[in-house]
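Hi,

Here is the structure I promised to pass on.

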Amino acid sequence: MKNPLFIWIIKLIAVVILVQTLYFKFTGAEESVYIFSTLGIEPFGRIGSGVVELIASILILIPRTTLLGAIIGAGTMAGALLSHLLILGVEVKNDGGTLFILAIITFLCCLVLIYNQKERIPALLKFRI
């Protein structure tokens with residue numbers, strides 16, 4: 001899985017999905033407000049998750065920080081998936097499950113990126129002062 005073109009395609013898929021949702025989160029779109037109100041964390045959860053997703057997107061695109069961005073992205077998507085499964089349901093406001101499917105795709109892309117750089121995990125965990 002060291003094919004650079006494949007890895008860049010996976011990066012771009014994850015980043016495009018993460019970035020395209022930012023518009024809805026930062027502008028307070030009705031669906032986004034509904035989701036975070038249902039979760040009981042509107043507006044701070046909506047804006048906060050948007051900031052985290054923006055940071056993850058930037059980190060994923062920078063080769064040196066891809067692993068960190070993918071870990072953040074996978075964690076964020078794990079939270080989104082759990083929210084859908086436990087509270088929101090797969091389909092939110094008649095979206096046909098689109099948000100749920102996009103979260104799965106992004107989560108899987110991030111897992112591929114983490115697996116691709118698994119040898120760098122120990123270096124990420126080293127704490128240097």
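This is a predicted model: local features need pLDDT of at least 70, side-chain atom pairs count only at pLDDT 80 or more; totals for chains, interfaces and linings use all residues.

**Helices H1 and H5**

Start with H1, which covers residues 4–27, and H5, which covers residues 98–116. Their axes come within 9 Å and cross at roughly 140°. An angle over 145 degrees would count as roughly antiparallel, so H1 and H5 are oblique to each other. The crossing is left-handed.

Which residues of H1 and H5 make the contact? On the H1 side, they are Phe 6, Ile 7, Ile 10, Lys 11, Ile 13, Ala 14, Ile 17, Leu 18 and Gln 20. H5 brings Leu 102, Ile 105, Thr 106, Cys 109, Val 112, Leu 113 and Asn 116. Sorted by class, that contact has twelve nonpolar, three polar and one charged residues.

**Helices H3 and H4**

Next, find H3 (44–61) and H4 (66–88). The axes of H3 and H4 come within 7 Å and cross at roughly 145°, again in a left-handed crossing. From H3, the residues in contact are Val 52, Glu 53, Ala 56, Leu 59 and Ile 60. They meet Thr 66, Leu 68, Gly 69, Ala 70, Ile 72, Gly 73, Thr 76 and Met 77 of H4. By class, this contact splits into eight nonpolar, four polar and one charged.

**The largest pocket**

The largest pocket has a volume of about 630 Å³. It is lined by 31 residues, and Thr 21, Lys 25, Ile 35, His 84 and Leu 99 are the closest to its centre. Which helix gives the largest share of the lining? That is H4, with eight residues. H1, H2 (30–38), H3 and H5 take part too, each with at least two residues. The lining as a whole has 15 nonpolar, twelve polar and four charged residues.

**The second largest pocket**

The second largest pocket has a volume of about 300 Å³. Its lining is made up of Arg 64, Thr 65, Leu 67, Leu 68, Arg 120, Ala 123, Leu 124, Lys 126 and Arg 128. Two or more of these residues come from H4, and two or more from H6 (121–125). Here the classes are four nonpolar, one polar and four charged. Look out for Leu 68 when you get there: it lines this pocket and is also part of the contact of H4 with H3.

Happy exploring!

Conventions:
Residues are numbered from 1 along each chain as its sequence is written. Side-chain values use heavy atoms; hydrogens and water are left out. Axes are lines fitted to C-alpha atoms, for helices over the stretch in contact, and angles run from 0 to 180 degrees between N-to-C directions. Helices (H or I, at least four residues) and strands (E, at least two) are DSSP runs, numbered from the N terminus. Angles under 35 degrees count as roughly parallel, over 145 as roughly antiparallel, 65 to 115 as roughly perpendicular and the rest as oblique. A crossing is left-handed if the near helix is turned anticlockwise from the far one by less than a right angle, and right-handed if clockwise. Contact means heavy atoms within 4.5 Å. Ala, Val, Leu, Ile, Met, Phe, Trp, Tyr, Cys and Pro count as nonpolar, Asp, Glu, Lys and Arg as charged, and the others, Gly among them, as polar. On a 1 Å grid over the protein atoms alone, a cavity is a set of points where a 1.4 Å probe fits but cannot get out, and a pocket is an open set with protein on both sides within 12 Å along at least five of seven lines; lining residues have an atom within 4 Å of a point. Grid points are joined across faces, edges and corners, and a volume is the space filled by probe spheres set on the points.
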